[in-house]
Amino acid sequence: MTRKVNVGGVTIGAGGPIVVQSMTNTNTADVEATVAQILRLEEAGCEIVRVAVNDIAAADALPEIKRRVTVPLVADVHFDHRLALRAIEAGIDKLRLNPGNITDPARIAEVAEAAVAAGIPIRVGANSGSLAEAYLDEDGRATAAGMVRSALDEIRILEAHGVDQIVVSLKGTDVRMTIEANRAIAQQVDYPLHIGITEAGTPWEGAIRSAVGLGALLEEGLGDTLRVSLAGDPVEEVRVAYEILRALGLRARGIDLHVCPTCGRTGIDLIRVADHVRRELADVIEPIKVSLMGCVVNGLGEVRESDVGLVGGQKAGTIYVEGEAVLVSVPEDRLAEEIVRTVRGTLHRRRRTDD
């Protein structure tokens with residue numbers, strides 16, 4: 001079991017729930033845009049948000065951003081250790097340092113001592129694309145072993161200056177390299193691991209690569225917090241992260257939507273129904289399993305295992321709640337809205353029962 005690290009009231013490690021993170025893609029100095037995006041991320045279920053602190057203007061914006069949001073904030077600092085010091089002064093909840101571009105031990109020590117005094121944890125984030133030259137192989141390429149050595153050297157400097165609240169992150173664009181690096185570092189330290197596939201791509205290929213890499217690590221019990229890195233709206237990162245965790249039975253949030261792939265037996269426009277249901281129920285937080293099936297072949301079995309289910313027929317369908325038919329022969333043009341209504345009604349009854 002890894003150590004416990006507290007980030008602004010959110011616990012990472014020590015066998016707790018795997019924490020979902022993301023990062024803003026706004027100009028941090030633009031307080032209005034950054035706060036707006038953080039609030040959207042928080043609404044989607046993001047539990048820790050990282051912001052780029054790439055210049056003095058970004059660092060100076062941190063106090064006002066902190067004042068207007070409640071989710072813990074991580075300052076992402078590269079190259080200039082003075083920005084890290086300013087972020088600490090601003091009351092940031094966690095600091096991310098890259099051992100590949102802040103390499104002077106004296107400067108790292110200065111940041112470490114300030115972090116200890118402020119009670120702020122530090123994430124040691126080594127990426128394959130930004131390893132210092134000393135950690136590359138003879139051909140000048142990044143390797144899993146090089147990422148591990150880079151992280152360990154930084155950890156030793158931090159530990160020498162009293163830092164014991166550390167999160168370790170080894171990320172590469174190569175999925176297998178990332179898996180290998182995290183397996184190796186987990187054998188040498190007991191700090192929590194922040195896992196992810198860096199520069200994974202647009203939401204389509206990035207979600208697939210992330211699911212493969214993170215799924216493999218999580219199934220081995222590696223990873224205490226994660227970020228799915230996608231080129232696009234960071235809210236999508238949060239949605240994909242929860243879907244990966246749900247697939248492995250590790251976290252559950254919102255609609256667990258199962259839809260049959262459709263075939264020649266399908267008698268309704270199931271894809272249109274599924275798209276409508278996903279869109280209209282995107283605001284749901286409580287876990288609920290919804291199965292949308294195009295025919296009776298697998299449909300009856302699936303709806304028995306679902307909170308709300310649909311079995312399609314010819315231009316109509318039957319809606320089930322907990323395996324019992326509640327609406328029969330619903331016309332195709334009403335199916336989507338009736339499923340949404342049934343899901344919301346089911347959730348409402350649950351809340352009343354819980355109260």
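Accessible areas here come from the Shrake-Rupley method with a 1.4 Å probe, and for residues only the protein chains shown count as cover. On that basis the protein chain exposes about 16100 Å², of which carbon and sulfur atoms supply 48%. This is a predicted model, in which local features need pLDDT of at least 70 and side-chain atom pairs count only at pLDDT 80 or more, while totals for chains, interfaces and linings use all residues. Residues are numbered from 1 along each chain as its sequence is written, and side-chain values use heavy atoms, with hydrogens and water left out.

**Overall architecture**

- The protein chain has eleven helices and 15 strands; helices (H or I, at least four residues) and strands (E, at least two) are DSSP runs, numbered from the N terminus.
- The C-alpha trace spans about 75 × 45 × 35 Å along its principal axes.
- Of the 355 residues, 52% are buried (buried means under 20% relative accessible area, exposed over 50%, partly exposed in between, with a 1.4 Å probe and protein chains only).
- Among contacts (heavy atoms within 4.5 Å) between residues at least 6 apart in sequence, 62% join residues at least 24 apart.

**A buried lysine**

- Lys-94 lies in strand S6, residues 94-97.
- Lys-94 is buried yet has no salt bridge (a side-chain nitrogen of Lys or Arg within 4 Å of a carboxyl oxygen of Asp or Glu).
- The nearest side chain of opposite charge to Lys-94 is Asp-76, 9.4 Å away; Lys and Arg count as positive and Asp and Glu as negative, with His and the chain ends not counted.
- Leaving aside neighbours within four places in sequence, the contacts of Lys-94 include Val-7, Ile-12, Leu-73, Ile-120 and Val-167.

**Salt bridges**

- The structure holds 25 salt bridges.
- Glu-64 pairs with Arg-68, with the closest N and O atoms 3.8 Å apart; both lie in helix H2 (residues 56-68), four residues apart, about one turn of the helix.
- In helix H11, Arg-334 and Glu-338 are likewise four residues apart, about one turn of the helix, and their closest N and O atoms are 3.1 Å apart in a salt bridge.
- Arg-334 counts as partly exposed because its relative accessibility is 37%, whereas Glu-338, at 11%, counts as buried.
- Salt bridges that share partners join Glu-32, Glu-64, Arg-67 and Arg-68 into one network.
- Glu-332 and Lys-315 meet in a salt bridge of 3.9 Å, N to O.
- Glu-332 lies in helix H11 (residues 332-354) and Lys-315 in the loop between strands S13 (308-312) and S14 (316-321), so the pair ties together parts that are 17 residues apart in sequence.
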